[in-house]
Amino acid sequence: MTTRRLPALAAALALVAAACANPPATTAPSATSAPPAQSGAPTTEPSASAAPSTGYAELDAALAGEYAGADVTILSQWIEGEGEAFDDSLQEFRDATGINLDHEGISNYETVLGVRVEGGDAPDIAQIAQPGTMQSYQADGKLVDLSSILDTSRISTDFNPSLVDLATVDGKLYGLFYKQDLKSIVWYPVQAFEAKGYTVPTTWDELVALSDRIVADGSSPWCTTIEHGDASGWVATDWLEDILLRTAPLETYDKWIAHEVPFNDPAVVNAANLMAEMWFKDGYTFGGSERINGTWVGDSQSPMFDPAGPKCWLHKQAAWIPDFWPKDGDGNPQFTPGEDSAFFYFPEIDPQYGKPVLGGGDMFVVFNDRPEVRAAIQWLSTVDAVDHRVEAGGFLAANNSVPAELYKVYPQSGLAEIARNATALRFDASDSMPKEVGAGSFWKGMVKWVAQNGDGTQAILDEIEASWP
Amino acid sequence: MSAGVPAVAAVRPGRRQRTSLLGFVSVRVAITAIAVLWTVPTAGLLVSSFRSNADIRATGWWEALLHPFELTTWTLTNYGQVLAADGLAGAFVNSLVVTIPATAIPITMAAFAAYAFAWMRFPGRSLLFALIVALLVVPLQMSLVPVLRMFTATDLNGTFLGIWLAHTGFGLPLAVYLLYNYISQLPGELMESASIDGASHFAIFRRIVVPLSVPALASFAIFQFLWVWNDLLIALVYLGTDSTVAVLPARLRELVGTKGESWHLLTAAAFVTMVVPFAVFLLLQRYFVRGLIAGSVKG
Amino acid sequence: MTTAPLTRRPDPVGALVRVAPLAAALVGLWLIVLGLDVLRDPLGADRVWASLYDVLGQSATADAIRERGLDAVQAKLTTLVVGVVVGVGGIWLVYVGLNAVADLLPRRLAGAVRPWLFVGPAAAMVAVFLVVPAIVTIWSSLSAEGGIAETYGALAEDPEMWVAVRNNVLWLVLGTGGSVGIGLLIATLVDRVKREALAKTFIFLPLAISMAGAAVIWRFVYAWVPESEPQIGILNAIWTALGNEPVAWLQAPPLNTFALIVIMVWLQTGFAMVVLSAALKGVPNEIIEAARIDGATERQLFFAVIVPMIKGTILAVATTIAIAILKVFDIVYVTTGGKFETEVLANRMFTELFTFRNFERASAIAVVLFLAVTPIIAINVRDLRRRRVGP
């Protein structure tokens, strides 16, 4: 029967985790400052035990070739370019240890992972984009506690503390962050922008002034759209969270996620009202509410590249959005990030709350505890696992001990700078809330809000609050 | 394929009587209209598959048809990228290895069962049949996890046998139901006379029921084939994406990218996947034609 | 109904004849076990060819294959042949074998056992793949904390559920009616045209398209773009050409639910058409001609003669489509995800099961779906009872 077909596109439309496409990682040797000595040119056989200790017993044993021939599986949602780049980065480990570290990148990822775990066929290591998902597996007792496998003090110095917190449940570490992504950036068409004499805003008031000026010039400032099939609405939740971070203390944000303050807290209502100003004010968003709800996320920015000149000028979206711009050469204009289009930090609103950054990221969790799996996850926590990808560009490592000079490629070079200047880093709240809210009523409520053109804010926030399980 | 309904008088002799010229014309107009209506959406996909990503997203697909000779608007890039994908040929063969047995096994099982339900007496017949029909509604998502547990325990996970069995189990209720409906309506006199001649149930099934049921078997074969051929979820869960077993939809889905950034490739991919089921339809279509069964039904 | 020879005298030749299929089936089963082993082994194809060459006495070639392996194409094609032979041949052998076993039994016993041999494999498969898993899933959900009352109570209080129920009724009535009605119309009309294959091919086309392809297709139909821009959806292109403002078809309730039902009808009509067309072919010409000679008009002929003759098939098609519609979720899932008041039960279940990992609720929805289908099953069983049972 045809309707029993399952949606191939579902995953294409599924929740977008923070991610970037990558050119294949190079395998060129490079010097690193990391503890293990296994960087450098790939070797074809397990290296001699002369390597200095990594501080991890299993990883040392693996590097000495003790587990050569063992199999370790990693399951992720990274496919094609990104999957290959990740797969290539694992080659170094395979060469050094002889362990067959097999990466499988699949579509319909969340469904398949859930089914495999429940079905007793869990991968050894799995990538997870949402802390909420990790917590759900942890609550079911499926995850291996990493506190005993990894050196937690080393982890908390190498990684941003807020990421470590997110991966920790009841004082035990269950996830190892691998890559991160920053959402608090706004893309704009550099050349046209400068030609018009516009300047990059650094405060909310400047952002409003710039928007007004663009409207007065007969154009629309914002390119925002949120249609993404099953996952429609997540762009709006990012916005609301970013504004909340800038208008309320961090504790409010954290308590909001934990539901220690209600979802419809006055601080959230205030943030929504500010957001409505940018979204629903007449002429502010290109195409109005109908386009916001009706246009696919990947097409949000298209009017910015109109041959006749930008029809919208600002697009708040994470660093992977250039993947959606035209890049094939057959007669289409090409848009090079960093040349035709650049980004600025989504400005602060109230100086007392500083310059926070909203981020996302991917972590690894471990389902099966075997020595070779321990070695693999230990290796993944080192700079060695990511240095080549950082250098190749298109990748922002969660590991902060990666030397800053390795970030040479735009836009990650700019992102790394924003990350350094940030006063705080917070993870996407909707990813950490219970799925019924974070991937359910929150998205749905935002879509409804847009359909009402920003009316009934309080009622919608009340509805979402009522849906909290 | 490209022409509409042919202009030559095209009424089958058996049913022509009393059909007025007006009725004849209106029938053909109606058919043509419906066929066009049904094809327009697909035509949009076909045209789009020859356009660049930027064009697809900027203007309507009919624009390309309005200016067919502006050759720059046409491109083979989408097909080039899809066909050049690594492992596509292997995935194609894997899809055949999965699909052919996963179509043949449920049909065989269902035909035997449908014959028994229709022409054999045994206690619990109605109840069992009702149960199987009721199972039509069980969403297969309910079964994914328990079946995977069973496959893991029996080492069937990631094997062709496992996925054949899974597709058989999930497809059987519909197969039994549809084939029962056909087989139960075959003329009883045929079975009776064969039975009097001393033929066993097995012989009746093989020599009378199967040949007479070809249209129904062909109909179901097409649907099961299509469903298995286009299935992604079951293949991902029970077979995985290892290149030795990965099927075509799984491979093509990877081309589209994590976030769907290359969904224009789906346009070309959709047509690449369609080739085989479409050929199967054309191949089996002649079995739907009256003449084949008419003679035998009427003895 | 007699299944054994009428004579009961000792008959060695007859016994041999009866045992032969059993022996053949056993040999076949052994070959199938071998074949499955080959399919499991990544180097299986190489082994097949190597042993083949060994049997032919060309051990040098065999060794070369064992050492270097086959080329990829040959290996894949071998896998294909082994797979098809094992899968297709194997299932037939199972029945030949089972039947041969029954033939060895005393006549009375064989008669009682044989129906179960015919039904048994299908029933066993269905039990293993659907019945037991569904019971396991539902049972585990019911025994979870909170219990039945709370799970179903929360379900009943969820306003989304009632939207889903309302939409499911719409889907059921319009989707089933539309697909079967249009399918029957086309099947009837096409039956009168000589080049029917051509028209059928066009209607059938949507069935061959994967869901991913269908999602893209309907994106090109329903797409919405601001009035100032060129429309890329054909529906809005026509609509705006008529002087109207573009409509966001998938966002405005209740229009959007109808727009989604249209996709379903588009997909399912081909199915209805093919099956109904096959049934129409089964209506004997003599009956139609007799009715014509009796002076029946075309309309009378259709409603009084043809429809009653194929009503079993119409019921079957309607049942199939109705059940498919109750389970419909992928159309909703890939287009609106149930937002804008387009929620349906099956999509709700999928979301609860895989997105929220809320197994109790998902199972509860499955039970609701199961209950919803009971009337349809009742109709079918009554129909089964009414029919004459075989010899």
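This is a predicted model. Begin inside chain C. Here helix α7 (residues 159–190) of chain C packs with helix α14 (residues 311–326) of chain C. Their axes are 9 Å apart, and the angle is about 145°. The crossing of α7(C) and α14(C) is right-handed.

Now look at the residues that make this contact. From α7(C) come C:N168, C:W171, C:L172, C:G175, C:T176, C:S179, C:V180, C:G183 and C:L184. From α14(C) come C:I314, C:V317, C:A318, C:I321, C:A322, C:I325 and C:L326. By class, the contact of α7(C) with α14(C) has 11 nonpolar and five polar residues. No charged residue takes part in it.

On the side of chain B, 114 residues are in contact with 108 residues of chain C. Which helix of chain B gives the most to the side that touches chain C? Helix α5 (residues 88–119) of chain B does, with 18 residues. The side of chain B that touches chain C divides into 76 nonpolar, 30 polar and eight charged residues.

Chain A also touches chain C. This contact takes 30 residues from chain A and 27 residues from chain C. Four helices of chain A each supply at least two residues of its side: α1 (8–13), α4 (109–118), α13 (288–294) and α18 (435–451). The largest share, seven residues, comes from α18(A). In the side of chain A that touches chain C, 11 residues are nonpolar, 11 are polar and eight are charged.

Notes:
Residues are numbered from 1 along each chain as its sequence is written. Chains are lettered from A and ligands numbered from 1 in the order in which they are written. This is a predicted model: local features need pLDDT of at least 70, side-chain atom pairs count only at pLDDT 80 or more; totals for chains, interfaces and linings use all residues. Two residues are in contact if their C-beta atoms, placed from the backbone, lie within 7 Å. Ala, Val, Leu, Ile, Met, Phe, Trp, Tyr, Cys and Pro count as nonpolar, Asp, Glu, Lys and Arg as charged, and the others, Gly among them, as polar. Axes are lines fitted to C-alpha atoms, for helices over the stretch in contact, and angles run from 0 to 180 degrees between N-to-C directions. A crossing is left-handed if the near helix is turned anticlockwise from the far one by less than a right angle, and right-handed if clockwise.
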